[in-house]
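Student: I want to learn how to read aromatic rings in a protein model. Please take me through them.

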Amino acid sequence: MKHKRKKILIACDSYRTLLGFRGKLMEALLENNEVAVFTPKIHHEDIKIKLANMGVDIYENELNGSNVSIFSDLAYMVRLFQVIRQTRPDVFFPYTLKPVIYGSFIAKICKVKHIVPMLTGLGYNFMNGNKKTPLVKKIVRGMLKFSLKQNDQSNLILQNKDDYDTLLNQGIIDKEYNTHVVNGSGVDLSYYLFSRPEHENLSFLMIARLINAKGIREYFDAAQCIRLHYPYVKFKLIGPYDDNIDSIDSDLYNKIISGDVIEYLGEVSDVRPYIKASSVVVLPSYYGEGIPRCLLEAMAMGRAIITCDSVGCKETVNLSENLQTGFLVPVKNVKALTDKIQHFILHPDDTMLFGKNGREYARRKFDVNKVNKHMLEILQA
């Protein structure tokens, strides 16, 4: 039977994720469907050109995904209402918190037939000890529960089992909800090519936004400790320093950009050369991750990883004796992080062994083609 072409509208909170995180998925969707994106204003013309060349229709908005602004958020909902009425999608696919909350609500008002929200991690509102007040967290959770109220055509996508258990235990969803857990965003093994790591001149790399919950302070402190004893070991950091409720303080930022401990590279358009030049990739995050993309990229390119025993992050570390990919450390534990970094300094051959295992683990579990096949089934596209 011939496939009926569907109109699919994707909503995100950052244009930066469209090609890197959803590019291969959009390519797969475009084979038999029409695809449009509803995205905050795209400031990189090359991204806009690439999307247009793929055949993706672009609708922009002024959403700030990291901060709360009542007027901005209301304007976002009005704009989305207009776009949905204009495009009349068969499938609405919002991902990340604000597009899921506001988008699912507006899509129901507009009577979109198939609504498939995806939470790529639960973030601050489900973390203990964050800067948000209990009232704010309660409001956000209530809004999420309301927006996810199920109808026959609703499907929720999550990226790890812990997030499912959290939503279930807090009464935001129930056991009857159509919920699917996928293996993150997947990683393109033909794009992130395997290479042997440098194991003589060791260097460690962290890729993350400069926010506290990503473990920036812990990485800096561990690097500072290691360099007292091994001054030749290099530490590098990639990621933007932008306006966020949890951005690192100016004192730590100034220490980082001084270059005395860490080489700060800012935001880059292509992480592959930097991963290739590294020996080990580190992410001591205690943020509510889905499955961190940078760790998937690192494993695909054959790099050992060190990350926290936290939601989402722990999914990437296989501790099997025959396929160990790296180490897990407790959250906010600088000593444990320092010890595992030192392990690779004292046992440099493990960078090659764990890196090779990481590539195999990525192939088995996180191959983007396998993940996208599952996604297409859920999206009914």
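Student: Which residue lies over the face of phenylalanine 21?

Tutor: A charge sits over a ring if NZ of Lys or CZ of Arg is within 6 Å of the ring centre and within 35 degrees of the ring normal. Here arginine 293 lies over phenylalanine 21, at 5.2 Å from the ring centre. Likewise, arginine 272 lies over the face of tyrosine 191, at 3.6 Å from the ring centre. This is a predicted model, where local features need pLDDT of at least 70, side-chain atom pairs count only at pLDDT 80 or more, and totals for chains, interfaces and linings use all residues. Residues are numbered from 1 along each chain as its sequence is written, and side-chain values use heavy atoms, leaving out hydrogens and water.

Student: How many aromatic pairs does the structure hold?

Tutor: A pair of aromatic rings is described by the distance of the centres and the angle of the planes. Rings of Phe, Tyr and Trp (its six-membered ring) pair if their centres lie within 6.5 Å; planes under 30 degrees apart count as stacked, over 60 as edge-to-face and the rest as tilted. The structure holds 14 aromatic pairs. One of them is edge-to-face: tyrosine 219 and phenylalanine 235, 5.9 Å centre to centre, with 70 degrees between the planes.

Student: Are tyrosine 219 and phenylalanine 235 buried or exposed?

Tutor: Both are buried (under 20% relative accessible area, with a 1.4 Å probe and protein chains only; exposed is over 50%, partly exposed in between).

Student: Why is the pair of tyrosine 241 and tyrosine 253 stacked?

Tutor: Their ring centres are 4.0 Å apart and their planes are at 10 degrees, so the pair is stacked. Tyrosine 241 counts as partly exposed, at 33% relative accessibility.
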